[in-house]
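Me: Hi! Could you walk me through this model in plain words? I'd like to start with the terms.

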Amino acid sequence: MYSKFGLVDYARYLFDNLSVRNDASWNTMMSGLVRVGLYGEVIFLFREMQSFGVRPSGFLVSSLITACDRSGCMFSEGIQVHGFVVKVGLLCDVFVGTCLMHFYGAYKRVFDEQRLFEEMPERNVVSWTSLMFGYLDNGDLENVIYLYREMRKEETSCNENTFATVITACSLLEDELLGLKVLGHVVKSGFENKVSVANSLISLFGSLGSLKEACYVFSCMDERDTISWNSIISAHGQNGLCGESMRFFHLMRHVHKKINSTTLATLLSVCSSVDNLKWGRGIHGLVFRLGLDSNICICNSLLGMYSEAGKLDDAKFVFKEMPETDLISWNSMLTCYVRDGRSLDALKLLIEMLQMQKAINYVTFMSALAACSNSEFIDEGKIVHALVILTGMHENLVVGNASVTMYAKSGMMVEAKKVFQMMSKRNKVTWNALIGGHAENEEPDEAVKAFQLMREEGIKTDYITVSNVLGACLTPDDLLKHGMPIHAHIVSTGFELNKHVQNSLITMYAKCGDLQSSNYIFDGLPHKNSVSWNAIIAANAHHGLEEEVLKLIVKMRSAGIDLDQFSFSEGLAATAKLAALEEGQQLHCFAVKLGFDSDPFVTNAAMDMYGKCGEMDDVLRILPRPFNRSRLSWNILISAFARHGYFQEAKETFNEMLEMGLKPDHVTFVSLLSACNHGGLVDEGLTYYTKMSKEFNVQPQKEHCVCIIDLLGRSGRLVEAETFINEMPVPPDDLVWRSLLASCKIHGNLELGKKAAEHLFELDPSDDSAYVLYSNICATTGKWGDVEDVRRQMQSYNIKKKPACSWVKLKNQVGLFGMGDQTHPQTNEIYAKLGELKKMIKEAGYVPDTSYALQDTDEEQKEHNLWNHSERLALAFGLLNTPDGSTIRVFKNLRVCGDCHSFYKFVSGIISRKIILRDPYRFHHFSGGQCSCSDYWQVSVSRATRSDRFQRSGSGATWEVSKGQIWVRCGRFPGVPVRVRVRGVLAGGFQGSLYECEEYRP
């Protein structure tokens, strides 16, 4: 009696004073201790009983095992009890065996639970159900269904717990057909009115999107418990009907009168999106009001809500303030870091869990492997995979799938296939991970082969399978060979009605070069959601139609579809390519208004936009704090510094990135080498190139090699550049030879330039830039006959030179100018303004450098041609139409000519205005007669000869070469750094610098 009412002290007093104790006495006392949670006392009582020589019964041992089960921290004691059970021969007792199965299930040792089940000589419905629940709790849903089928074969009757477990598995598998079959069995067995079964059916229909059926089951229930209400709330939440979930919650509070931690946890999971976060914060307030803020289940749900809504700081605060944490808490925080792209923090948390000897399960390893799912963390991923094997978790299907995904996303498809082949069990997710890996690594043939093997093995494909295999098609050949046949398969199997597949088809056709088909599919969609709009926006972006991207975003808003982080990212990327600052600012402001200012995709896209529109101050303004920056953020910052001429800042940012523990990737080094190239930092650039592979394990790619060739070539080290091309680890392509050809033009090396041009003609006879660059070299070196030959060759191939143009964007108009343009309405005013500027800068010491006028005419005509250049017309237009003191932004589609660069410097100094000129390669910030590029790429003495003295026009620098010495004297702007070639060694200095030289080689 005392034990049943929890008065264990009175019960123990009576027990201790009993003169004779029988089996019932020991059993009652032990079950009483278990009931009140004194699990440690149970062990002491058992030892006391042993000292009296009492032989335990199956009932007593079951209580003992239950104590080890419920304590959550008595696994070793439970193992000892298992050994004792085997020793005394009680394993044949079905109740003892079932309790042991519960024990192993509670500690997530489903493998041991399965082995025990197989060893049991007799099993009952509870034994079967216990193992089913163990599999369910471990995420092994296929084995739940397998056990259910085996149970039916052995004609073992199911109870309501069995049906509830099996229906839950069907729900998680989203297998409608199987769920309906189980429902038929439920009705036949007469369990449809059982509360636990009805609750599971509500969850099943909710997961299948059959809300009408879920509501029917709910309305037909004679009796509803709290789980019933929680299930119907969850069913509506799963289908995005947050408002309906809140309505049922309101009814629950007024009709049922009871809510529990699961109710609030369910509501918090329903509110785990940016749009519904306001409701979630309201529920969070209710949690405090009800005094449930210390409830571990609710705190875990809060962690999940803030994690899925992208609110990492809120999640960290909740985790830090939790009075007690469990495995779910740690796993939730781990998942939160992974979702936010904070892989390093996720791995640190895993280390902390291991050091504190916290319990870990398959969810822990699944998140840890996801944290390592990129090449940057592949070494850590291998260590985590080793831990998986050491803990025996490699047999877990979910962990196996995560391992395949981890290796595939890191580009290690050989290892991914090895893990795949070694898995004892594979499901649809496994195959999808493998096919997706082949698609991500651009292996279309392998992806299609895996798709075919999957079908041959009888594995049912889903929309993810089809979307992955479509994503593997990248070229027109892939479209004909694989894409169109797969599209036909999609139609024949009915997948063409699936939204995800429709969007994947839009993307596939666009990537394979058929934008017309993408538009056709999009236009034919009866209901377009945000994903559909994002797919067609990305398709147009892939084809370089940035203006169309912005038009689609406007149409998307007009259609009443809310922009998301992907829409904003694509839109900002389009404005970046167009250098449309005003439109980019509008998009960014709208994103901030909708709460996307903290989204990493939007932030990075906005940083890139501001950087490419010349607004470095805005880049730094929205830059995340160092400890919150992703590698992409660091890369964008380094690239922006390089593009704007802040070479030292680019190097410092790289060093800061390393100090924060982030590993640079190939993009980082492209930006860094570009900074060295634009700044003339040859030695630093070569050092970074060497360190790239030796210290950071980043293998050189084409982009890195082009940077080095440009770096060497522009500094005049053409022989070294040619040697580098011959020894580079990747075969040279058009970018490589074009870079060398451009360097040959700068330094007037006709012989090597001709060799580079020949390679370009072989690779692409229709490449206009190759002909133009080679023609310019010939013109620079006075080979006018060769110039005419090149022009005739272009005419014979019908190749036209890409015309240069420059433009200035004002609020309501764009001023676009070509060479010598006379079509603008303000033509007279523009040329009059140029005349004023010409007079002012000549008085200031400007001397035109007619070597940039590559025509065989007299000097006067060459100078006239220079004044017709499009960038000069655009600047004059900008000066006429912008307020005094404001910054003028000029854009040009080709590289700015050297003499126009000098013209801009003089103008900026005379009119005291800041001018930003963007060409395809970089930004030039002109202010006070200086340029951010430091004139590195402009100054050249390649045509100087011994005892020559000449003035380098525009820079105001006078060069004197005589008797083994080179003097550099600067005119108007003495602070301009200059570079000269002395016996193949690059040197630099300021006014009055003296360079020792044994001989000068032109």
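Reply: Happy to. Buried means under 20% relative accessible area, exposed means over 50%, and partly exposed is in between, using a 1.4 Å probe and protein chains only. This is a predicted model, where local features need pLDDT of at least 70, side-chain atom pairs count only at pLDDT 80 or more, and totals for chains, interfaces and linings use all residues. Residues are numbered from 1 along each chain as its sequence is written, and side-chain values use heavy atoms, with hydrogens and water left out.

Me: Thanks! How much of the chain counts as buried?

Reply: Of its 1002 residues, 51% do. The C-alpha atoms fill a box of roughly 125 × 60 × 55 Å along the principal axes.

Me: And how many helices and strands are there?

Reply: There are 51 helices and 12 strands. These are DSSP runs numbered from the N terminus: helices are H or I with at least four residues, and strands are E with at least two.

Me: Let's talk rings. How many aromatic pairs are there?

Reply: The count is 27. Rings of Phe, Tyr and Trp (its six-membered ring) pair if their centres lie within 6.5 Å; planes under 30 degrees apart are stacked, over 60 edge-to-face, and the rest tilted. Phe-654 and Phe-696 make an edge-to-face pair, 6.1 Å centre to centre with 75° between the planes.

Me: Where do those two sit?

Reply: Phe-654 is in helix α39 (residues 647-659) and Phe-696 is in the loop between α41 (682-694) and α42 (702-714), so their pairing ties together parts 42 residues apart in sequence. Phe-654 is buried at 2% relative accessible area, while Phe-696 is partly exposed at 23%.

Me: What about Trp-807 and Phe-891?

Reply: They form a stacked pair, 6.0 Å centre to centre and 20° between the planes. Trp-807 belongs to strand β1 (residues 805-809) and Phe-891 to strand β3 (residues 888-892), so this pair ties together parts 84 residues apart in sequence.

Me: Is Phe-891 buried or exposed?

Reply: Phe-891 is buried, with a relative accessible area of 6%. Trp-807 counts as partly exposed at 23%.

Me: Which rings link into a cluster?

Reply: Ring pairs link Tyr-846, Trp-867, Phe-903, Tyr-904, Phe-906 and Phe-926. The charged end of Arg-872 also sits over the ring of Phe-903, 4.8 Å from its centre. For that label, NZ of Lys or CZ of Arg must be within 6 Å of the ring centre and within 35 degrees of the ring normal.

Me: Switching to helices: how do α34 and α35 pack?

Reply: Helix α34 (residues 565-578) and helix α35 (residues 581-593) pack at about 160°, with axes 9 Å apart. Axes are lines fitted to C-alpha atoms, for helices over the stretch in contact, and angles run from 0 to 180 degrees between N-to-C directions. That makes α34 roughly antiparallel to α35 (under 35 degrees is roughly parallel, over 145 roughly antiparallel, 65 to 115 roughly perpendicular, the rest oblique).

Me: Last one: what does Ser-307 touch?

Reply: Leaving aside neighbours within four places in sequence, Ser-307 is in contact (heavy atoms within 4.5 Å) with Ala-315, Thr-335, Cys-336 and Arg-339. Ser-307 sits in helix α18 (residues 296-308) and is buried at 5% relative accessible area.
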